[in-house]
Amino acid sequence: MKDRANDADELVKPQLSDDLGHFFRESEVVISTEQQLESRVADVLQEPFDTQAAQNLAAYLMSDEMERGRRAAAFIREEGKL
C-alpha cells in the first residue's frame, strides 16, 4: 500500500513541477508586457502631443508581444480559479 502511495507521489511531483514552471514562465511574460506597456504609456504622458510616442503605443497595443501577454494573463486568471 505504501509503495502505491510512493508511486502516485512520484507521478504527481513531475506534473506539479511542470505546472509551476509553466505558471512561472507565463508570469514572466505578463510582467514583461506590463513593463513595456507602462513605458510606452509614460512616453505618451510625458509628451502628449508627440505623434511618435502615440504611434509607438498604438503599435505595441496591436503587437504579437501584447497578445502573448494577454494570453498569459488569461492563463494565470484561469489557473487561479482552480
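**View 1. Glutamate 26 and the residues it touches.** Leaving aside residues up to four places away in sequence, glutamate 26 touches Arg71, Ala72, Phe75 and Ile76; a contact here means heavy atoms within 4.5 Å. Keep in mind that this is a predicted model, where local features need pLDDT of at least 70, side-chain atom pairs count only at pLDDT 80 or more, and totals for chains, interfaces and linings use all residues. Residues are numbered from 1 along each chain as its sequence is written, and side-chain values use heavy atoms, with hydrogens and water left out.

So where does glutamate 26 sit? It lies in helix H1. Helices (H or I, at least four residues) and strands (E, at least two) are DSSP runs, numbered from the N terminus. Glutamate 26 counts as buried because its relative accessibility is 18%. For these labels, buried means under 20% relative accessible area, exposed means over 50%, and partly exposed is in between (1.4 Å probe, protein chains only).

A salt bridge needs a side-chain nitrogen of Lys or Arg within 4 Å of a carboxyl oxygen of Asp or Glu. Along the chain, glutamate 26 and arginine 68 are 42 residues apart, yet their C-alpha atoms are separated by 9.0 Å.

**View 2. Glutamate 67 and its two arginine partners.** Side chains of opposite charge can pair when their charged atoms come close. Here, glutamate 67 meets arginine 70 in a salt bridge, 3.4 Å from N to O. Why are these two about one helical turn apart? It is because they are three residues apart in helix H3. Glutamate 67 also forms a salt bridge with arginine 71, with the closest N and O atoms 3.8 Å apart. This second pair lies in helix H3 too, four residues apart, or about one turn of the helix. Through shared partners, the salt bridges join Glu67, Arg70 and Arg71 into one network.

Arginine 70 is partly exposed at 40%, and arginine 71 is partly exposed at 49%. A search of the whole structure finds two salt bridges.

View 3. Glycine 69 has its place in helix H3 (residues 64–81). Is glycine 69 buried or exposed? It counts as buried, because its relative accessibility is 6%. Not counting residues up to four places away in sequence, glycine 69 touches Val29, Val30 and Thr33; helix H1 covers residues 2–46. Glutamate 34 is 35 residues from glycine 69 along the chain, with 8.0 Å between their C-alpha atoms.

**View 4. Aspartate 19 and glutamate 79.** Aspartate 19 lies in helix H1 and is partly exposed, with a relative accessible area of 40%. How far apart are aspartate 19 and glutamate 79? They are 60 residues apart in sequence and 9.7 Å apart in space, C-alpha to C-alpha.

**View 5. The whole protein, for orientation.** Stepping back, the protein has three helices and zero strands, running α-α-α from the N terminus on. Of its 82 residues, 13% are buried. Among contacts with a separation of 6 or more, 68% come from residues 24 or more positions apart.

And how confident is the predictor? The protein averages a pLDDT of 84, and 79% of the residues score at least 70; pLDDT is the predictor's confidence in each residue, from 0 to 100. Among the elements, helix H1 has the lowest mean pLDDT (80), and helix H2 (residues 51–61) has the highest (94).
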